[in-house]
Amino acid sequence: MKRVLVGIFALAVVMSLSSWGFLVHKTVNQVAIYQLPSGMRPFFYKNMDYLVYNAPRPDIRRNTDSTEATKHFIDMEAYGDSAAWKMPLYWEAAVQQFTRDTLIKYGYVPYHVVYMQRKLTEAFRSGNPDSILFYAADLGHYIGDAHVPLHTTINYDGQLTNQKGLHALWESVVPEIELDQYQLNSGHKAKYLKNPAEAIMQGVRGAFQLLPDVFAVETRLTQQFPDSVKYRTQMRRGIPVKYYTTAFAKAYGEALKPTINRQLLRSADLLADFWYTAWVDAGKPDLKAITKNWTEADKAALKAHRKSYQRNGLIAEKKLQAKAGASGE
């Protein structure tokens with residue numbers, strides 16, 4: 001989650017406070033694997049459990065790292081008029097224009113994505129599989145966050161427009177309800193990014209442009225849902241807490257379609273591009289040497305997974321790790 005949300009709204013569907021929800025972050029990391037070229041695919045597929053399981057790790061890290069939170073968002077309004085189109089592409093220039101303290105305060109997710117891409121490139125050059133996997137998994141998280149509209153605004157939870165709870169409704173509750181209906185194959189194949197900084201900034205711009213609908217749809221539906229239907233109250237530790245009802249969440253998701261699904265796929269597509277770009281920039285190291293215990297059975301399983309992905313059958317055929325449960329590290 002962009003920040004720890006404080007207030008009367010909570011989320012019954014989500015088990016923990018997390019951006020995109022753990023479910024979508026994990027899905028993004030898995031989908032990106034199938035878009036990689038043959039020189040990368042076996043290594044990433046063999047380590048899919050790790051990449052999926054650790055997709056939410058940066059959110060968990062916020063519990064112990066006070067510097068983590070502002071790596072996940074960017075409040076565009078704080079940087080001036082039309083900032084999404086005028087922001088410097090590179091960290092050094094942004095610091096020069098706005099100061100480091102300002103960037104830390106109002107978020108800098110696109111700059112952190114570029115930093116993580118450089119770290120992944122270094123990891124590929126080193127040939128250390130643990131480092132490669134660590135940075136690859138975390139990179140997926142930050143790219144996913146950059147595609148969430150409410151990670152691009154000061155009004156990150158609708159708290160300034162009497163829409164408290166909107167953040168989690170968009171990024172967690174609706175996807176939890178709707179994921180089974182989503183298209184999880186975009187047909188994208190990983191491509192080399194000549195300018196990664198521009199690519200991630202374009203992703204942020206696209207998310208920012210979705211904000212008017214994010215707010216307007218909730219406002220319109222609120223006129224159709226009296227509070228008794230829009231919210232339900234549950235006692236938590238002796239305190240009454242309001243939750244969005246499933247009926248309202250379903251109506252909100254239906255009215256926004258296919259926006260959230262599209263942002264999930266855009267995240268996965270760009271993640272595959274960043275992984276591929278880091279590998280190319282490192283000189284396309286041979287990953288076969290660090291792909292442990294690759295067998296004919298693994299080769300057949302990867303082929304079956306790719307076919308399932310290509311026909312959008314990951315969920316129906318129980319191959320989506322986020323739904324089935326990854327085994328861990």
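**Briefing on a predicted protein model**

Tyr 53 lies in helix α3, which covers residues 48-53; helices (H or I, at least four residues) and strands (E, at least two) are DSSP runs, numbered from the N terminus. This is a predicted model, in which local features need pLDDT of at least 70, side-chain atom pairs count only at pLDDT 80 or more, and totals for chains, interfaces and linings use all residues. Residues are numbered from 1 along each chain as its sequence is written, and side-chain values use heavy atoms, with hydrogens and water left out.

**Confidence**
- The protein has a mean pLDDT of 92, with 93% of its residues at 70 or more, where pLDDT is the predictor's confidence in each residue, from 0 to 100.

**Tyr 53**
- With a relative accessible area of 39%, Tyr 53 is partly exposed, a class between buried (under 20%) and exposed (over 50%), using a 1.4 Å probe and protein chains only.
- Although Tyr 53 and Asp 81 are 28 residues apart in sequence, they are 39 Å apart in space, C-alpha to C-alpha.

**Helices α11 and α15**
- Helix α11 (residues 196-209) packs against helix α15 (residues 259-281) at an angle of about 175°, their axes being 11 Å apart; axes are lines fitted to C-alpha atoms, for helices over the stretch in contact, and angles run from 0 to 180 degrees between N-to-C directions.
- This angle makes α11 roughly antiparallel to α15, a term for angles over 145 degrees.

**Strands β2 and β3**
- Strand β2 (residues 231-236) and strand β3 (residues 239-244) run antiparallel and are joined by six bridges, while pairing requires that DSSP finds at least two bridges between two strands.
- Gln 234 stands opposite Val 241 in β3.

Definitions and conventions:
Parallel < 35°, antiparallel > 145°, perpendicular 65-115°, else oblique.
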